[in-house]
Protein chains: 2
Amino acid sequence: MAILSEKVTGYLENASWIRRMFELGSQLKAQYGAENVYDFSLGNPDLPAPQAVVDGLKEIASQASEPFAFGYMPNGGFPWLREKLARHLSAEQNINLGADEVILTNGAAGAINSFLRAVVNPGEEVITIAPYFVEYGFYCENHGATLKPVPANPKDFMPDLAALESAITPATRAVLINTPNNPTGAIYSAQTLKALARLLENKSQEYGKPIWLISDEPYRFLAYDGQQPPSILPLYPYAVAISSLSKNMSLPGERIGYIAISPRLKEKAELMAGLTLTNRILGFVNPPVIGQQILARAIGSNVDIDIYANRRKAMAETLRDGGYEFVMPQGAFYFFPKAPGGDDVAFVKRLLEERILAVPGSGFGWPGHFRLAFCVNENVIRNAAPGFARAAAALA
Amino acid sequence: MAILSEKVTGYLENASWIRRMFELGSQLKAQYGAENVYDFSLGNPDLPAPQAVVDGLKEIASQASEPFAFGYMPNGGFPWLREKLARHLSAEQNINLGADEVILTNGAAGAINSFLRAVVNPGEEVITIAPYFVEYGFYCENHGATLKPVPANPKDFMPDLAALESAITPATRAVLINTPNNPTGAIYSAQTLKALARLLENKSQEYGKPIWLISDEPYRFLAYDGQQPPSILPLYPYAVAISSLSKNMSLPGERIGYIAISPRLKEKAELMAGLTLTNRILGFVNPPVIGQQILARAIGSNVDIDIYANRRKAMAETLRDGGYEFVMPQGAFYFFPKAPGGDDVAFVKRLLEERILAVPGSGFGWPGHFRLAFCVNENVIRNAAPGFARAAAALA
């Protein structure tokens, strides 16, 4: 008998490339030992959490025998923490935010789901820019919507505004962007974001319904060469910024994130009521209490981004020496080079022979390229260099 | 412009009674001081977490500066923890469970959502027994299914098997039970559960598709008078038990739960693959890492149930002295008495005049009764007695 739903059965037949590489990687590690495998497949930050997180958790532990230490709180998180987070984000996003413009969520993944559940009607479309994080498709389908990827400009992976404009229809409910971008490392410029906001403003008016601009930005803290990713919140009333503590505090397993909405939105109270409800009814109930208590104590602390900057340099040298074509990432911890020979799946398989794990671009809706996550020790990058060079030479 | 989806707009117009009482309660507390309000509205355990939780968290904090201390792990939780949990549940459920028969989730609410997402097709029905936890309806609608409540036997709140049998149709995908029960405190007997399993076995064969039996049992540890809630896992291949650490360890805010499936299920691997996927794609990603690390260290520890037993006694005396009609709860921390006068909403409003917070039975699909959560200090119960008596006398 068919024990799973038709949809989930279909999903399992098309398992994610990232997870597939994870499994192949586990096999290789079992065979050769973890230290002999160069694993660039997963964005699982290896840097320890900042000291403020460590100290904060010790303090939380010292208060753990109080009644309600781990009790329920409102579905949008502790009100006093929303207040504190709003103050922090006001500086970061260069706009004045209050506690009623910020809500806590179960990571950025939970945030996107809570948001989509609140605003999309079944049959509507969410546009994203390819290459894109494969989970976005599932998040849309969870709520009866469809993800519609629009290719980026292949030269620099910036949004192609003309292509976006022709993709928008009356069924469009949101445009979901990710900057700094996974997998390309692109950071969208202020000018691009302004033009995008203007486009959505016009289309919202034309169709008589808001088209939300959702910026998924967990890598905001990780911009190189002194860049400052611009904020979308001042640009458009229907703009929302989503982030998490997964990358900047190396806390991906604890699942804390948040949504900040534009203070220019008239229907603020309505949206916040909706998000509080969807946090609850999707089964998140509330963001994990210990993660919230950590955020309260460690807000504003980040891992040392110079370490990532050095790895980026090492990875760029490794790829350049190996003869790869790539756009230098401006942010995040990924490279997205062209696959020598053009077939990304074949090339990633060839890399496996060098005990190098990478993810085919096909897993991001962009065949012909592959993704390397450089949240690994610099030595791993340097030591993988000969393998990268051999694989490129073999297939070029 | 309508900024929320039609469904969520509708939900907000019919806000949950539990939450509404929570808000009214907050107002009363602001007006009279929290110590002058008798709050029986929320099942937020007030007992501190067991010592093993406190000690465990201290140990976790002492290791917090290790790389990957809070990293991603497989979507179903740490494999070694699934192993450990399986051993623990084998004893509890009186059946031999392995790591491939247990998966970690984001609380019991997350578990129910991950499970329903994995098995229901849009348009299918999930049967539950009224009175029932109002969130079940949302959990079904999240995945395109409909909740179909079947009234319990009003005498003792046990399932009415004849009514269940006539409610099952080819559209039925699951029967969701909750024992020990919220709001009634009923514990379903071994005989009842066997008969239910047999019924579902026959209906599954008749319709050529499995009808799952889901037992939501976070109150399993809290059974009075030496009772042992029987396990459904040995009874039926399509049986799953869902629970959490929210009540037994007073950890509701951290969102750790689990699903245990029957070892008699042939398609075990398929179901586990589905649940691992749905944990991921619903945006849970993984159960919170700190909660998992706590479970690893505190597994098997519970709050002191004698304290709840004493409160149950005090509450029973209070209600008896006030002239209320009620069935003595066998488990969990709720009473579900008849509302004097018959109108539960009117009666709960009358209780507010005594600064007593309760939830109308209407919020559980069962008008004419009301719910009292006795996870409060025994003094609160004793001190509320005159108010309970006055309200009953006024409306009887």
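These notebook entries record what I looked up in a predicted model with chains A and B.

**Entry 1**

I began with strand S3 of chain B, residues 125-130. I found S3(B) mostly covered, with six of its six residues buried. I then looked up its pairing partners. S3(B) pairs with strand S4 of chain B, residues 146-151, in the parallel sense over six bridges. Within this pairing, I noted that Ala130(B) has Pro151(B) as its bridge partner in S4(B). S3(B) also pairs in the parallel sense with strand S5 of chain B, residues 172-178, here over four bridges. For Thr128(B), the bridge partner in S5(B) is Leu176(B).

I next followed the chain from S3(B) to S4(B). Together with helix H6 of chain B, residues 135-142, these two strands make a right-handed β-α-β unit. I also examined helix H5 of chain B, residues 107-119. H5(B) has 13 residues and reaches 19 Å from its first C-alpha to its last, close to the expected 18 Å. I recorded 13 of its 13 residues as buried, so that H5(B) is mostly covered.

**Entry 1: the interface**

I turned to the two chains together. The contact involves 84 residues of chain A and 84 residues of chain B. Between them the chains bury about 6,800 Å², with 61% of it on carbon and sulfur atoms. Met1(A), Ile3(A) and Tyr72(A) supply 12% of the area that chain A buries against chain B, more than any other three residues.

How many salt bridges are there between chain A and chain B? I counted two salt bridges. Glu135(A) forms a salt bridge with Arg280(B), and their closest N and O atoms are 2.7 Å apart.

Terms used: Residues numbered from 1 in each chain as written. Chains lettered and ligands numbered in written order. Predicted model: local features only at pLDDT ≥ 70, side-chain atom pairs only at ≥ 80, totals over all residues. Heavy atoms only, no water. Buried < 20%, exposed > 50% of the residue type's maximum accessible area, 1.4 Å probe, protein only. Pairing = 2+ DSSP bridges. Right-handed = clockwise from strand over helix to strand, strands pointing away. Expected span 1.5 Å × (residues − 1). Contact = heavy atoms within 4.5 Å. Buried area = accessible area lost by both parts, 1.4 Å probe. Salt bridge = Lys/Arg side-chain N within 4 Å of Asp/Glu carboxyl O.
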